[in-house]
Amino acid sequence: MNGEEVVRTYSDMIYKIAYRYVHNQYDAEDILSETLLNYFKKEREFESEEHRKAWLIRVAINESKNVLSKTHYDEEINEELLGGEDEWSGITDAMDLKSAIQKLPEHQREVILLYYMQNLSVNEVADMLGKNKNTVAVTLARARENLRKYLES
């Protein structure tokens, strides 16, 4: 895949990931630029398009975290996070949900956001984070349980 195809194929995805972290158009655009710049700095060989995509997602997340650590943005959680989950159907207060998600340990919050907000599968999240898929599945289950506890209290 040539450079133009990479930009055309992945720019929208990278921007959305960045925006979900920083909730700021200008920072998201900067993160998109930095991610693509990082990609083009060195020629990389990827085993498959899945690996290229996972690498770009990982870099976008890392760039987003760098921006967040520098600017201390609060994460905002979109109600879309809970879409389609029957166990969450009774939750109506998005602020309670946001607060509960912010209480999660970072590794659980990251898995929840990637799984629900980016609609990634457990396998895709595992590949992107460099973790075993069973570890991701357990982390996701624990995060859900912690959210349930936080919301019930």
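Reply: H5 passes H6 in a crossing that is right-handed. This is a predicted model. The two helices, H5 and H6 (residues 122-129), pack at about 130°, and their axes lie 10 Å apart. That angle makes H5 oblique to H6. On the H5 side, the contact is made by Glu-110, Val-111, Leu-114 and Tyr-115. On the H6 side, Val-122, Val-125, Met-128 and Leu-129 make it. By class, seven of the residues in the contact of H5 with H6 are nonpolar, one is charged and none is polar.

H5 also packs on H7. The axes of H5 and H7 (residues 133-152) come within 9 Å and cross at roughly 100°. H5 is therefore roughly perpendicular to H7. H5 brings His-107, Gln-108, Val-111, Ile-112, Tyr-115 and Tyr-116 to this contact. H7 answers with Val-136, Thr-139, Leu-140, Arg-142, Ala-143, Arg-144, Asn-146 and Leu-147. The contact of H5 with H7 counts eight nonpolar, four polar and two charged residues. Val-111 and Tyr-115 of H5 take part in the contact with H6, and Val-111 and Tyr-115 are also listed for the contact with H7.

A search of the whole structure finds one cavity of 30 Å³ or more. The largest cavity holds about 50 Å³ of space. Its lining consists of Ile-17, Arg-20, Tyr-21, Leu-113, Leu-114, Met-117 and Gln-118. H1 and H5 (106-117) each supply at least two residues of that lining. Five residues of the lining of the largest cavity are nonpolar, one is polar and one is charged. Leu-114 lines the largest cavity, and Leu-114 is also in the contact of H5 with H6.

H1 leads on to another helix pair. H1 (residues 3-22) and H2 (residues 25-41) pack at an angle of about 140°, with axes 8 Å apart. H1 and H2 are therefore oblique to each other. H1 passes H2 in a right-handed crossing. From H1, the contact takes Gly-3, Val-6, Val-7, Ser-11, Ile-14, Tyr-15, Ala-18, Tyr-19 and Val-22. From H2, it takes Gln-25, Asp-27, Ala-28, Glu-29, Ile-31, Leu-32, Thr-35, Leu-36, Tyr-39 and Phe-40. The contact of H1 with H2 has 13 nonpolar residues, four polar and two charged.

Residues of this contact turn up again in a pocket. The second largest pocket has a volume of about 160 Å³. Among its lining residues are Gly-3, Tyr-39 and Phe-40, and Gly-3 of H1 and Tyr-39 and Phe-40 of H2 are listed in the helix contact as well. Met-1, Asn-2, Lys-42, Glu-43, Arg-44, Glu-45, Phe-46 and Arg-52 also line the second largest pocket. By class, the lining of the second largest pocket has four nonpolar, two polar and five charged residues.

Technical notes: Residues are numbered from 1 along each chain as its sequence is written. This is a predicted model: local features need pLDDT of at least 70, side-chain atom pairs count only at pLDDT 80 or more; totals for chains, interfaces and linings use all residues. Side-chain values use heavy atoms; hydrogens and water are left out. Axes are lines fitted to C-alpha atoms, for helices over the stretch in contact, and angles run from 0 to 180 degrees between N-to-C directions. Helices (H or I, at least four residues) and strands (E, at least two) are DSSP runs, numbered from the N terminus. Angles under 35 degrees count as roughly parallel, over 145 as roughly antiparallel, 65 to 115 as roughly perpendicular and the rest as oblique. A crossing is left-handed if the near helix is turned anticlockwise from the far one by less than a right angle, and right-handed if clockwise. Contact means heavy atoms within 4.5 Å. Ala, Val, Leu, Ile, Met, Phe, Trp, Tyr, Cys and Pro count as nonpolar, Asp, Glu, Lys and Arg as charged, and the others, Gly among them, as polar. On a 1 Å grid over the protein atoms alone, a cavity is a set of points where a 1.4 Å probe fits but cannot get out, and a pocket is an open set with protein on both sides within 12 Å along at least five of seven lines; lining residues have an atom within 4 Å of a point. Grid points are joined across faces, edges and corners, and a volume is the space filled by probe spheres set on the points.
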